[in-house]
Amino acid sequence: MDLPTALLSLPVNREIWIVLLYVSAVIVGARGVESMARMHFERARRYAERDFEYDPIDDRYRCPEGEFLPLRRLDVETRLATYGAPPSRCRACRMKMSCTPYEDGRQISRSLASWTETDVGVFHGRLSRLMFGAAAVLSAAELVQAAGQRGTGLLLGALVVSLACLLRDWTRGTLSPRP
């Protein structure tokens, strides 16, 4: 079979179809897992701040009752800022029981790290890289084995997509180690 026909036609070999389906599932799964982890990370952040409004100009939070929570602690190593309301104000607040059970008043921690710098982000970035790499290796191996057969164009496409996903993540910094 000539090369253009092999590249542009659908595979007839079942093994090629299985590899293509598997590689597609791995690529979609890698993106899906990372997207879900990012979504849950953001949801947890929003939950921690629920009903509290952050004021970036004054770098403080405001509670639903109007009390301000100024910056109390800044941990540069963990890139975590902690804000706290005055304990006396929290103790006298009508919403204390639903807001905080602690006598020290309500505290909110805010991560100063981006998603890719967190342990969760680094883990999921590495997991995605591993999955894209496995898809690329599998595509390349099947491309070598099936050289000249129908469907090699799709295998080549799967290899290119896998490598493009790796390159895209690399250039966007989602796979770089934490500073």
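**View A. A polar contact of 2.7 Å links the side chains of Glu34 and Ser128.** We're looking at a predicted model here: local features need pLDDT of at least 70 and side-chain atom pairs count only at pLDDT 80 or more, while totals for chains, interfaces and linings use all residues. Residues are numbered from 1 along each chain as its sequence is written, and side-chain values use heavy atoms, with hydrogens and water left out. To count as a polar contact, a pair of N or O atoms has to lie within 3.5 Å; within protein, one must be able to donate a hydrogen and the other to accept it, and residues adjacent in sequence count only if both atoms are side-chain atoms. Glu34 belongs to helix H2 (residues 14–48). Helices (H or I, at least four residues) and strands (E, at least two) are DSSP runs, numbered from the N terminus. With a relative accessible area of 5%, Glu34 is buried (buried means under 20% relative accessible area, exposed over 50%, partly exposed in between, using a 1.4 Å probe and protein chains only).

**View B. The largest nonpolar core has 16 residues.** Such a core is a set of buried Ala, Val, Leu, Ile, Met, Phe, Trp, Tyr and Cys residues joined through side-chain atoms within 4.5 Å. Ile16, Leu20, Val23, Ile27, Phe132, Ala135 and Leu155 are the members that touch the most others. Zoom in on Val23: leaving aside neighbours within four places in sequence, Val23 is in contact with Ala135, Leu138, Ser139, Ala158 and Ser162, where contact means heavy atoms within 4.5 Å. Another core lies apart from this one, with 9 residues that include Leu69, Ala81, Tyr83 and Ile108.

**View C. Five strands make an open, antiparallel sheet in the order S1-S2-S3-S4-S5.** S1 and S5 (107–111) are the edge strands, each with a single partner, so one side of each has no neighbour in the sheet. From one strand to the next, the twist averages 30°; axes are lines fitted to C-alpha atoms, for helices over the stretch in contact, and angles run from 0 to 180 degrees between N-to-C directions. In a regular strand the side chains alternate between the two faces of the sheet. On S5, Ile108 and Arg110 make up the covered face, while Gln107, Ser109 and Ser111 are on the uncovered one.

**View D. S2 and S3 form a hairpin with 5 residues between them.** S2 (residues 60–62) and S3 (residues 68–75) run antiparallel and are joined by 3 bridges; two strands pair if DSSP finds at least two bridges between them. Arg60 has Pro70 as its bridge partner in S3. In the turn, Gly66 has a positive phi of about 95°. Asp59 is partly exposed, at 26% relative accessible area.

**View E. S3 pairs with S4 (residues 80–84), and S4 pairs with S5.** The S3 and S4 pairing is antiparallel over 4 bridges, with Leu71 partnered by Tyr83 in S4. These two strands make a hairpin as well, with 4 residues between them. Arg79 is in that loop and has a positive phi of about 55°, despite not being a glycine. Arg79 is partly exposed too, with a relative accessible area of 30%. On to S4 and S5: 5 bridges join this antiparallel pair, and Ala81 has Arg110 as its bridge partner in S5.

**View F. Arg150 and Ser9 are 141 residues apart in sequence but 5.5 Å apart in space, C-alpha to C-alpha.** Arg150 is in the loop between H5 and H6. At 33% relative accessibility, Arg150 is partly exposed.

**View G. Over residues 174–179, pLDDT stays under 50.** pLDDT is the predictor's confidence in each residue, from 0 to 100. The model has 18 contacts beyond four places in sequence for this stretch. Where pLDDT is low, the predicted coordinates should not be read in detail. For the protein chain, pLDDT averages 86, and 92% of the residues score at least 70.
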